[in-house]
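This report describes selected features of one structure. The sequence and the coordinates are shown first.

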Amino acid sequence: MERETLEVDVLVVGAGPAGLCFAIQLARLCRKHGLEKSILVLDKAPEVGHHQLSGAVLDPRAVHELFPGARAAGFPVQSEVTDDALWILGAKGKRELRGWMCPAPFHNHGNWIVSLSETVRWLAQQAEAAEVQVYAGFGGDQVLYDAHGAVTGVRTVDQGRDKKGEPKSNFQPGMDVRAALTVFAEGTRGSLAKALIARQRLDEGRNPQLWAVGVKEIWEIPQDLRGAVYHTAGWPLDGSVYGGGWIYGLAEHRLSIGFVMGMDHGDPSFDYHATMQRWKTHPALRALLEGGKLLRYGSKTIPEGGLYALPRLHGDGFLLIGDAAGFMNTQRLKGIHLAMKSGALAAESAFGALLRAERSGPLPGALLADFERRFQESWAHAELWKTRNFRQAFQKGFLYGFLRGGVDVVTGGRLPGRLRNASDHARYRKSGGAIRQPRPVFDGQLTFDKLTDVYHSGTVHDENQPCHLLVREPDVCVSRCTREYGNPCQHFCPAAVYDWRGGSEGLVINFSNCVHCKTCDIADPYQIIDWVVPESGGPVYIGM
Ligand code: SF4
């Protein structure tokens, strides 16, 4: 099969905040120093921003550094934060902590409420103005290596195969994009980054990454809560699950609400979507949403492991940035500013490496190691250092996590030592399929079933394409998983993709519902599900 080959100097996989900030900063440095380099950004979404989902309250520090005067230049801000508080929810009531009573990580004055999809669209415009090529609709299928194991680029997904994998009349083989430097900025649990980390053992000696699932809805409500940022702790979680909720007031009477849940709870029957729906039935939430209507839905995983879970960030021919690496401050519930900063720092290192490279071909890892040094000397590292043991502490029990987290906040992370943690999937208890967690009744007004919510995510996939959810050993679902764990995929997927029917039907995978959250790739107890980039489609997270 003949494949087209495209040669560029620098390839960025993923048009999120990290990838775009990288490309913009590198293009600026090249222009300033008269270095001509071609920079290409690929994104799997049909349009830039469609697959970007976040809370999203943005610490604007990186924006101010990279784009002085960004607000005046049209940086899209829904609202500055004008009010913040932490709500401790009991089964019926709530206690509100404000001012000095509210723990410091929940203080948000000075931050901006944004839509991540709008943010990256603005960043893509800046990138194009800096002469970066941004191609949407090109997902990465595999990493390309040379004979010495250096990364030489990426092969994009074939287009025009049918559901059996056979070429259709419009078949187009994916192209090989070759570059001296490939930057992996695919976002959370990037499929190429996952393969690269495993092949090159980039996580050797690091803590296993800890993950959370965020389930989000946008509502239109009668009240104007623009500028409000409220976080919730407590109900409906019982202390066995790390997590909590958010309520952010957007412009035009819209409200962003969501619930984030750690994946190391050990309960194979845990249903993230159902928990978020149940949370909305609390009187405090019910009162906010009364008379409103659901506009949008989405879900995404979040890397919560922090500094000790970051893999090696460089190697021959590549850099890893943003959520694909795990740049996220769980204590502050923020990652966009770290993604942007990681992109900017990586660009400075890449520029130096491009200047110093003595021959063509993949940039030597020795030159790209400068990124680790720049990161360690940056405010991003200082911020993550203070919270380096925060999330791991909660694996030792809620009380320990709460106390240790409190000491870390007060002392700025001065307690010595490194806490270890187990992988999320390794903590499942063999439950034999028992369902522990109460499920809400979906009333279609305040609470919605998964399929109704998927409809509100705008998700579409052409059904006549290969399934992008690869269960590598389907026999395990029948021979072991039913007996040991009760097929948790039917519970953890927030989009009703996995339909466990048992008997001769077994597992039915409705891949067209997939909202690209990557939960299944992480939460499967046997680690036999591979989420790969489909040839087209996905959610449409406009305004999310
Ligand atoms: Fe998320 Fe996997 Fe379900 Fe898709 S199939 S929505 S990636 S859990």
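By class, the shell around the ligand comprises 11 nonpolar, one polar and one charged residues (Ala, Val, Leu, Ile, Met, Phe, Trp, Tyr, Cys and Pro count as nonpolar, Asp, Glu, Lys and Arg as charged, and the others, Gly among them, as polar). The model is predicted: local features need pLDDT of at least 70 and side-chain atom pairs pLDDT 80 or more, whereas totals for chains, interfaces and linings use all residues. Residues are numbered from 1 along each chain as its sequence is written, and side-chain values use heavy atoms, with hydrogens and water left out.

Of the 13 residues around the ligand, the nearest are C493, C514, C517, K518 and C520; a residue is near if one of its heavy atoms lies within 4 Å.

Helix α1 (residues 17-32) and helix α7 (residues 336-356) have axes that come within 7 Å and cross at roughly 35°. Such axes are lines fitted to C-alpha atoms over the stretch in contact, with angles from 0 to 180 degrees between N-to-C directions; helices (H or I, at least four residues) and strands (E, at least two) are DSSP runs numbered from the N terminus. Residues in contact (heavy atoms within 4.5 Å) include C21, F22 and L26 of α1 and M340, F351 and L354 of α7. The contact of α1 with α7 divides into 16 nonpolar, three polar and one charged residues.

| Cis bond | Omega | Loop |
|---|---|---|
| G55 to A56 | about 5° | A56: between β2 (39-43) and β3 (57-58) |
| W235 to P236 | near 5° | P236: between β15 (228-234) and β16 (243-249) |

E252, although not a glycine, has a positive phi of about 55°. E252 lies in the loop between β16 and β17 (254-262).
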